[in-house]
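Hi everyone, thanks for coming.

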Amino acid sequence: MPADARLPAAEGVPPQPVAVGVGFAFAAVLLAATGLSIAFGLSAQRAGREADERREDADHSAQLARDAGQAAGRERDAARAAHADLRRSLYASSMSLAQAAWDNDNLPRLIELLEEQRPKTGEEDLRNFEWRYWDRLAHAARRTWTFHAHVGTVGAALSGDASRVGYWGYEDNGDQKAFRVRVKDTATGRELFDVSIPRNGAPGFVQDGRLALSRDGRRLLFSYRSREVASHACQVLVYDVDGGRMLFNREGIFEQKTALSSDGSLVAVLSHPKKFSFQNPNSGWDKLNVWDVSNPDRPAVVIENDAAGSELANAPSFSANGTRIAAIARTSRAGVVSSTIRVWNATTGQSEVNNPMVGEEVVGIAFTPDTQRLATVGMKSPGSGSKDTPPTYLTIWRLTADGRFTAQHSTPISHVVSSVPAIRFAFTADGRRLALTNGFQPALVLDVENGVNLRAVKSTTGIVAAAFTADGARLLTTRNVTGNQPASVVDGTIQEWDAAPPAAARRRDLWSLVWNPARTRQASFDQARSVDFETGQLVGNSTVYVKDAAGKEVVAFRKHTVPVRDLTFSPDGRWAFSVSDEEAILWRPETGEVGWKCKATGSTRFVNGQEGGEFSPDGRWIALRNADDTRVVTAGDLKEKFRTGPVVHARFSPDGRRAVTFHRGPLGADDKAIAGEVKVWDVEAGKLVETTPWPEGVAWPTVFTADGRSFAVAGRTAIVLFDTATGVKRVALRPEADLGRVVFSPDGTRLVMVRRDGFTRFGDGTGAAPIAVWDTATGVPVCHLKGHASPIRDMVFSPDGRRIATLGSPRTTRFGEPRVWDAATGRELLTLPEPVGAATGGRLAFSPDGARLEFHPSKSFASDGSVTIWDATPRPEPKAP
């Protein structure tokens, strides 16, 4: 369209140019767009502000959440700390309650307290040595097994040597018309005897039977109520266990008042020819019939009670040889009970002892195995009207030359014996220890000689009967169904216990009595010595007394000038080598003839057998050492094989074919040896096999493996292992510590060492002193034993090599205890109570079966000779569910 074109004008309106119209339209669009843009901008600004506000709100919420989380974390940590503090407080409280539970014979409560301290998943294990100590006491039985599971088992008895257990009850189907009596072998569980005895309508009571076995378990006595209660009549039966036949069948008077002799040949039965009255107990129990089992037609002896106004009380007791029988005659006047020990000759019935004990009610009596002493359990009568529980005593009576018993000692015991007629005594074969049971409480093991309570054998329920094994090393017990049941209700189980006295209860002079290997000769010497302050000399008895096995003196050796410190017999017993501080002497124990003598010179002192000489293990050779030279001689005639020159120490290999000597090197400026030599000798040929320079300066005595193929020498910074046959050095171990004594495992594949001062240079920052267990083939540590924080006094491997026992020094109250470790992993298995005498040093030793650990105090005149014995068998931890 031309620029000047005009649009047609409407009627009455002047015509307008086209360009003007377009401009107006564009302006309108522009204004509209601007408005929209402004509107969108404002909206965006609002949206931004809202987003910023939401973001700020979100940040604030996040900060609040973080603050809340941190607060919750602090509260959680505080709660955990409070919970941990509470657990530690509860642990300490539980351990205190454990002591009270043990003292009160409440074994179930003790076990409950211990189980409460087992950590749950994720919890810290707070259990320390005290928990393990109580755990060992609470589970002290070596093993428990069932001899009969039937609930009708009512009574049980063990043979005197613990080889057999007899038990009785009603028929297994619950029928009370017959008794069932059985005997089993305690070692194998094999049933040896089984008999059913008809009751013939006799009244039934839980406690209406009595069972007893001879010492070897080959004879069995069973008595039971056979008629109405008031008559107290009972049937008395004796069986041959191995033959399964009845030997004796008589009607007696009261089943609780019968006895079987140790060999099972005699039976004693109390009777009352007078009419018995509960209101007047002195009205009966006047006659004691002794029957020969092989002749049941008439009693061999009828013993009348001739003590006026008294009754024969409780079951009688035969002496071990069956020649004597003892019973108690008892009277009661004005509430005061008096008892009289009556002893008769079992074959003639003649009275031998009539010994009154005024003011004591005796409820149990038994002969010791030597028949020269009696053990009684009685209660001191508190007098009429007293409500106090009478104290209970165990009294040991010794038969004197005038035929009377005098009290050797009387020991208070914890057993409550009133109204309990089932006091039972069990002696070791040598008569030195006694186990006492009453069915309600733990068994007490006491020392017969001095009455010391050696230990309480605490089962979870009361112990009914106990018996020592023939060697006295173990105690077998039977127990009640529950602790408050009658003494004759048993649960059909036997528990086996280590019978060795714990913690230093066994007391003997260890170091003044030495037996030869064959135990035909013993050498005793007095280590006690003192100093004369005027002369400064040691004074004391320097005589060595040699006696035979029966104690008869053979030789009194008086060649020593000061007390003997140590003595060793040769393997064949032909020589004795005794050492004092001043001299070492080789002599004949049969005649006292001196074969060789060496006086100490200068600063040399023969202490604890470390100096002077040594026998070869096969007994063929003796190394005789003095300050100037060492001679190896033939043991029979002392002919010289070879000389080694001056040595620090000499040792023979286990087979006696090699000798290893250590020679001190030249002295340095500080008068200390700066080098040395290790020499290996062929003893038979008398020739030097190998010489190895020793740069360590000093060395501990040579230690051989059990098979003798290797030996180790420990110096200041290295343990060197040698081949015994060639003398060639095999491997050197270099722990970061000043070394000491080396201990090999039984198979020689591992070793540990004890530092001279007990400490190691490396630790975990808590004062602990890890002990390295080394592989002898590679020289690489297998594991570390971490726990001791005091010097290590001694170490020993168990016979199977799986455990290591260590003894710390008692410098502190917490870390001087012996510990038992897993030799493969270093895990601590046991922490044991600190032994008596550990302050002066000593040695640890496992029993041959590894079940016990012993501590023998140092050979010091300051030691009281007490041996400490622990149960060393670790109880496995229960697996987590």
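Which side chains does the salt bridge at 3.2 Å, N to O, bring together? They belong to Arg651 and Glu614. By salt bridge I mean a side-chain nitrogen of Lys or Arg within 4 Å of a carboxyl oxygen of Asp or Glu. Arg651 sits in strand β44 (residues 649-652) and Glu614 in strand β40 (residues 613-615), so the pair ties together parts that are 37 residues apart in sequence. Arg651 counts as buried because its relative accessibility is 19%, while Glu614, at 22%, is partly exposed. The cut-offs here: buried is under 20% relative accessible area, exposed is over 50%, partly exposed is in between, with a 1.4 Å probe and protein chains only.

Some ground rules. This is a predicted model, where local features need pLDDT of at least 70 and side-chain atom pairs count only at pLDDT 80 or more, though totals for chains, interfaces and linings use all residues. Residues are numbered from 1 along each chain as its sequence is written, and side-chain values use heavy atoms, leaving out hydrogens and water.

Now the overall picture. The protein chain has three helices and 62 strands; these are DSSP runs numbered from the N terminus, with helices being H or I of at least four residues and strands E of at least two. Of the 881 residues, 50% are buried.

Back to salt bridges: the structure holds 23 of them. In one, the side chains of Arg521 and Glu590 meet at 3.0 Å, N to O. That pair links distant parts of the chain, 69 residues apart, with Arg521 in strand β31 (residues 521-525) and Glu590 in the loop between β38 (583-587) and β39 (594-599). There's also a network of salt bridges linking Arg164, Asp216, Arg218 and Asp242.

Next, the inside. The largest nonpolar core has 19 residues, and Val181, Ile197, Leu220 and Phe222 have the most contacts inside it. A nonpolar core is a set of buried Ala, Val, Leu, Ile, Met, Phe, Trp, Tyr and Cys residues joined through side-chain atoms within 4.5 Å. The strands that each supply at least two residues of this core include β4 (178-185), β5 (191-198) and β7 (219-225). The largest share, four residues, comes from β5. Leaving aside neighbours within four places in sequence, Val181 is in contact (heavy atoms within 4.5 Å) with residues including Tyr167, Trp168, Leu211 and Phe222.

Let's move to strand β57, residues 803-808. How many of its six residues are buried? Six of six. Arg803, Ala805 and Leu807 point one way, and Ile804, Thr806 and Gly808 the other. β57 pairs in the antiparallel sense with β56 (residues 792-797) over five bridges, and with β58 (residues 818-822), again antiparallel, over five bridges; two strands pair if DSSP finds at least two bridges between them. β56 and β57 form a hairpin with five residues between them, and Gly801 in the turn has a positive phi of about 75 degrees.

Last, confidence. The chain averages a pLDDT of 76, and 74% of the residues score at least 70; pLDDT is the predictor's confidence in each residue, from 0 to 100. Over residues 274-283 it stays under 50, and over 757-769 it is below 50 too. Where pLDDT is low, the predicted coordinates should not be read in detail.
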